[in-house]
Amino acid sequence: MKKTLLKFIFGLSTLTFVVSCSSDDGGSSTIQATCNDNIQNGDETGVDCGGSSCNECPVNAVELSGDVNTDTTLDASLEYNLTDAYIVKSGSSLTIPAGTTIKAAGGTAAFIGVERGAQIFINGTSSNPVVMTSGAANPAPGDWGGLVIAGDAPTNKGTDITTEVGDLTYGGSTADDNSGSIQYLRVEYTGATFSNDKEFNGVSLFGVGSGTVFRYVQSFNGGDDGIEFFGGSVDGDFLVSIGSGDDSIDFADGWTGNGSNWYISGGAKAGIEGSNNGDNGDATPVTTTMLSNITVVGPTNDEGALFFKEGGGNFTIDNFYVSNAKIGVSVNDTDAQAIARIDNGDLTITNIQFSDTPTDFEATTYTGANDFYTEGVATGAGNGAAAPNWAAGWTTGLSNSGAGTENLAGEVTGDVALDAATEYFLTSGFIVKSGGSLTIPAGTTIKAAGGTAAFIGVERGAQIFINGEANNPVVMTSSSDTPAPGDWGGLVIAGNAPTNKGNDITTEVGDLTYGGDAADDDSGSITYLRVEYTGATFSNDKEFNGVSLFGVGNGTTFEYVQSYNGGDDGIEFFGGTVNGNYLVSIGSGDDSIDFADGWTGNGSNWYIAGGAKAGIEGSNNGDNGDATPVTTTTLSNITVVGPVTEGALFFKEGGGNFTITNFFTSGVDLGVTVKDTDTEAAVRIEADALSIDPMQFANPATGFAQTDYIGANQDFIVEGDNTGAGNGADQPTWADGWTTGF
């Protein structure tokens, strides 16, 4: 009967450990808490935590130590502290679900062992691995032992022998022995040292049988070998070893398993060390293996990408990519058994490729007559010297490491760059704080869920750099399987440029402060960005737009931006001086492009279609139509495709000083809307503050009117043919490749 380990330590632990000693004269001394030595001492209630001296212990932390005598399953929602040896006894099993993290402290005392006859099931996934790591505040190689598994498969060391670490018995005659299944596991900062020649590895497999699954396993920054096979017959596939203090992957003692897709980098000694028996190079069974799709990235010092030693064995290796290694294959000239095997053809390497070779590079130190390797073009573990695609999402320390998916929430306080290879989920507000920056490279996709809670905000004094490309835009969209307008907030940028709402005011969404006197304020650069399904609603009159720019300065680049199917306005300028060029708004639930509050930027090449209300809404100030600075802009090359319910242009709330050229409309029933109650807007039209020349009305809708303005000045519109955004009502060429919805 399985049970779940339930040894909770809630908040501050209830156990306080204080050791004191008294002298004959009545004096006493108390052991002091150290809070940083990986030992529970003084009044600490956990390792380096609790009591009156140290920080609080993690809530719901569970201590792992002692023996596992029944089938036991851990809980990924809990934090585990490994404080001593934790041994799965023969006849029992330990199951560790995806997402579980185990933090270890205690040096050689802290390790996980699996006895012969026991089983371990590590059920990580590519996006949610199991992680065994150091619990130290400043983790380092050698902080703890590692994972030690003992099996009943044959080795050439004998049977019923003892593991060099952990004191477990291993070795037998059951080649297909089954010690469980280990998948998507990462072990970090292992390698605790007993002596100069006796250290823990990241993962040690002693006599483990072929019935065991062992794949998608990484050792990171271990103090000794990363992964080592001591005899046995288990296969090892999709293995990663980064930063090992000795050899990266090691096999010996008659191992007869096979391996494929190994990525190795940054090891101190050999990339792969393959040997037969350190006491007798001819011992049987002889180490025999077939390896394929291997990458070793050096430097690997004098022990080579492959160290064939202590009798070596029978190795067949194909597709072996070696980068920046001093030596390809190393063989000691005193290793007679290893040399004899190479002479006999027992080592065969096909398609080995050497790249980035140093000036003193040697393909091999073997000086015999046998040409045991053939060079060719290799891909190694998948991408040559680069990290393989299969390692993305569950490893660390690689160029494409990090989760395949990551949540975005909270604050950016430094300079942060996203990775286009990672799919991001926006689950809450993600705010770039003043002084910080966020860089989003071309091809990045961010999927959002959570309504008004999910938006990206850029504070005044912060910067965002969205570096999309014409054929590889940045896309911010809904994570829903059936996306709809209003699924999430949008992008909100606050700057320090002037507005006629005042200084140090709060954005209507996102609660950011904006407005100042820096007309050339620089909030970064936004190019080739598409935002989709925005417009989450706070109330009937308060909704997110696709992109909202509050007091953003003209030091900011804002071009090639699309809003698609937003629930409110597509793109809106709230004051500021930033220019907006090559903008697309399709399917907005309110106005398509809106500017107000003393915006004094300019715009060119705008394509607008399918908006519910105005194509363009241009206003001065909703509270005071005469507020200063007055909204003032020059717009050119504009297309609005109807139908529209509030006109191709809605000149409202005092309007402003607008000069518009090359304005193309199609399918609209009203060109320019002006409310008859908007006195300030009417005064401006009479003073020729609104000029549109030329404006074309193609395919006018039933009941069409150029304007509903009834004042004396009816000459502010001059009709004439033009191309609008470049292609009349059709998609302009500059919108090719990065937009959607045409």
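**Figure 1. Polar contact of the Ser-548 side chain in the predicted model.** In this predicted model, the side chain of Ser-548 makes a polar contact with the side chain of Asn-545, at 3.0 Å. Ser-548 belongs to strand 47, which comprises residues 547-550, and Ser-548 counts as buried because its relative accessibility is 0%, below the 20% cut-off. When neighbours within four places in sequence are left aside, the residues in contact with Ser-548 are Leu-491, Val-492, Ile-493, Glu-572 and Phe-574.

Figure 2. The largest nonpolar core holds 64 residues, of which Leu-185, Phe-214, Phe-229 and Phe-320 touch the most other members. Around Phe-214, once residues up to four places away in sequence are excluded, the residues touched are Ile-182, Val-203, Leu-205, Ile-227, Phe-229, Val-234, Asp-235, Gly-236, Asp-237 and Leu-239. Another core, of 62 residues, lies apart from the largest one and has among its members Ala-448, Met-476, Leu-491 and Leu-690. In soluble globular proteins, nonpolar side chains tend to be buried together.

**Figure 3. Surroundings of Ala-118 in a loop.** Ala-118 is found in the loop that runs between strand 10 (112-114) and strand 11 (119-123), and Ala-118 is buried, since its relative accessible area is 1%. Although Ala-118 and Ser-92 are 26 residues apart in sequence, their C-alpha atoms are 5.2 Å apart in space. Not counting residues up to four places away in sequence, Ala-118 touches Val-88, Lys-89, Ser-90, Gly-91 and Ser-92, as well as Asn-178 and Ser-179.

**Figure 4. Buried and exposed sides of helix 2.** Within helix 2, which spans residues 679-686, the residues Ala-681, Arg-684 and Ile-685 are buried. Viewed down the axis of helix 2, the buried residues fall within an arc of 100° and therefore line one face of the helix. Thr-679 and Val-683, on the other side of helix 2, are exposed. The cover over the buried residues of helix 2 includes strand 55 (649-652), strand 56 (657-666) and strand 58 (690-698). Helix 2 is followed by Asp-688, which has a positive phi near 60°.

**Figure 5. The disulfide between Cys-35 and Cys-54.** The model has one disulfide, formed by Cys-35 and Cys-54, whose sulfur atoms are 1.8 Å apart. The torsion about the S-S bond of Cys-35 and Cys-54 is about -80°, so the disulfide is left-handed. Cys-35 and Cys-54, 19 residues apart, are both placed in the loop between strand 4 (28-30) and strand 5 (61-68). Cys-35 is partly exposed, with a relative accessible area of 27%, whereas Cys-54 counts as buried at 13% relative accessibility.

Figure 6. Most residues other than glycine have a negative phi, and most peptide bonds are trans. The peptide bond from Thr-284 to Pro-285 is cis, with omega near 0°, and Pro-285 is placed in the loop between strand 25 (272-275) and strand 26 (288-297). The peptide bond from Gly-642 to Pro-643 is also cis, with omega near 10°, and Pro-643 has its place in the loop between strand 54 (632-641) and strand 55. Phe-238, although not a glycine, has a positive phi of about 55° and is part of strand 22 (residues 236-242). Asn-699 likewise has a positive phi, near 50°; Asn-699 is found in the loop between strand 58 and strand 59 (705-707) and is exposed, with a relative accessible area of 59%.

Notes. Residues are numbered from 1 along each chain as its sequence is written. This is a predicted model: local features need pLDDT of at least 70, side-chain atom pairs count only at pLDDT 80 or more; totals for chains, interfaces and linings use all residues. Side-chain values use heavy atoms; hydrogens and water are left out. A nonpolar core is a set of buried Ala, Val, Leu, Ile, Met, Phe, Trp, Tyr and Cys residues joined through side-chain atoms within 4.5 Å. Buried means under 20% relative accessible area, exposed over 50%, partly exposed in between (1.4 Å probe, protein chains only). Contact means heavy atoms within 4.5 Å. Helices (H or I, at least four residues) and strands (E, at least two) are DSSP runs, numbered from the N terminus. A polar contact is a pair of N or O atoms within 3.5 Å; within protein, one must be able to donate a hydrogen and the other to accept it, and residues adjacent in sequence count only if both atoms are side-chain atoms. The arc is that of the directions from the helix axis to the C-beta atoms. A disulfide is a pair of cysteine sulfur atoms within 2.5 Å.
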